[in-house]
Amino acid sequence: MLSKQRRYDSLVRALHGDIYRYAYWLCGDKHIAEDITQETFLRAWRSLESLKDNKAAKAWLITILRRENARRFERKKFDYSDVEQETLEDSFSVSTEENAEQHLIRRQIAKLEVEYREPLILQVIGGFSGEEIADILSLNRNTVMTRLFRARNQLKDLLDEPQVRGQSNG
Amino acid sequence: MDELKFRRQAYENPNSDEADFIAAMQGSEDRKAFVNDLKQLDNQLEQAFKVPVPEGLEAKLLLNQQLHQHQQQRRKTGFTLALVASVAFIAGISFTLLRIAPVDLNQHALAHVYHEDAAMTSNEQIGYEQLNVQLASMSQSGSGHFTQQPGRVLYSTYCDFQGVKSLHLVMQGEQGKVTVFIVPAEERMQMQQQFADQRYQGLGFETDNTYMLLVGENQQDLSNIKSEIKQSFI
């Protein structure tokens, strides 16, 4: 029992940040992300025995998290229907200029289709390889690579666009 | 590696360490710059992805798990409790059913007389006021009480007629002693007017919502005492 508790503690300590962020980028809401994170870790606790390899912990948790997120839509289909991905906003405080730039990037990330956003997060902050991402998302590797390509392509286009609005007809 | 494939691979993963990708990149300054550009984008993305984690999330996650475990333990305790409660419930039901089961007053009266020998040897002199006090404390007996002394009462005590509090009297007849049971009437009670076994004669009647059961050896004594009681008991 003690070792299970220790294992869980270290899992929480090491991965709660990544899991929370993944949840945030999946659902686009700070509070829902926190709820999903709670659910995910609780479920992880219940089935901690099934995690054989500690190295696989992150992928394992993300799999649970994605299932929890999907369940959210089954449960409350209309509750969050107003949270359109387009309107997903960086609700974190913007005070400095550096943050302003980050704010902009976050807005662009939020504009990405979730199908493109997910593999990108897995690659950039999860550090997963193409095969691993394919595994987590139950896709084949080629699809994953295509989505990564399109994700960066779109982001680059969006970020290279002139940021000043309303002057396109100048 | 042609340009298209190279660019595509760079978009897929600018940090790729595949040998042919690295080699293709080294071949041209343009390509290097292109990849660096994408790496720069990745750095920006990485920073952007790292939204601040709510304060205390880690502690919340740990607490949540502890509470969950606590609840599980309580649920186990709850199960045991439910089991015990069920057993108690079944026991209660059986007991109640037992009490609802019909009571054969005649058999019970006879058995009671045999059982309580002490009553027959008692030689007290009990006044009807005392009997009334005892009657009054029998909740279901209604207002039944004696208006005058029904004869000589040698013995009086409470007894239990299968869960019904009753009064057990021994009275002196001309020939011998007669046992009288005063039992508050209940639906489930069954009584015959005449009953007997090898030794005793029995006589039962109902008066004012109360069953009277008389048990004695002599039929004449029984009917005398019956009429005495009928006169004095309201």
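Two residues are taken to be in contact if their C-beta atoms, placed from the backbone, lie within 7 Å. The model is predicted, so local features need pLDDT of at least 70 and side-chain atom pairs count only at pLDDT 80 or more, while totals for chains, interfaces and linings use all residues. Residues are numbered from 1 along each chain as its sequence is written, and chains are lettered from A and ligands numbered from 1 in the order in which they are written.

The contact between the chains takes 33 residues from chain A and 25 residues from chain B. On the side of chain B that touches chain A, at least two residues each are supplied by α1 (3-12), α3 and α4 (57-100) of chain B; helices (H or I, at least four residues) and strands (E, at least two) are DSSP runs, numbered from the N terminus. The largest share of this side, 9 residues, comes from α3(B). By class, the side of chain B that touches chain A holds 13 nonpolar, 6 polar and 6 charged residues, where Ala, Val, Leu, Ile, Met, Phe, Trp, Tyr, Cys and Pro count as nonpolar, Asp, Glu, Lys and Arg as charged, and the others, Gly among them, as polar.

A nonpolar core is a set of buried Ala, Val, Leu, Ile, Met, Phe, Trp, Tyr and Cys residues joined through C-beta atoms within 7 Å. A residue is buried if 20 or more other C-beta atoms lie within 10 Å of its own, exposed if 12 or fewer, and partly exposed in between, with C-beta atoms placed from the backbone. The largest nonpolar core has 40 residues, of which I19(A), Y22(A), A23(A), L61(A), L65(A) and I121(A) touch the most other members. Elements giving two or more residues to this core include α1 (2-27) and α3 (57-75) of chain A, together with α3 (29-49) of chain B. Its largest share, 11 residues, comes from α1(A). Apart from this core lies another, of 33 residues, among them L110(B), F161(B), V170(B) and M171(B).

The secondary structure of chain B comes to 8 helices and 8 strands. Strands pair if DSSP finds at least two bridges between them. Strand β6 (residues 194-196) of chain B pairs with β7 (residues 201-207) of chain B in the antiparallel sense over 3 bridges, and A196(B) has Q201(B) as its bridge partner in β7(B). These two strands form a hairpin with 4 residues between them. β7(B) is also joined, antiparallel, to β8 (residues 210-216) of chain B by 7 bridges. Within β8(B), L213(B) stands opposite G204(B). The hairpin of β7(B) and β8(B) has 2 residues between the strands, and D208(B) in the turn has a positive phi of about 50°.
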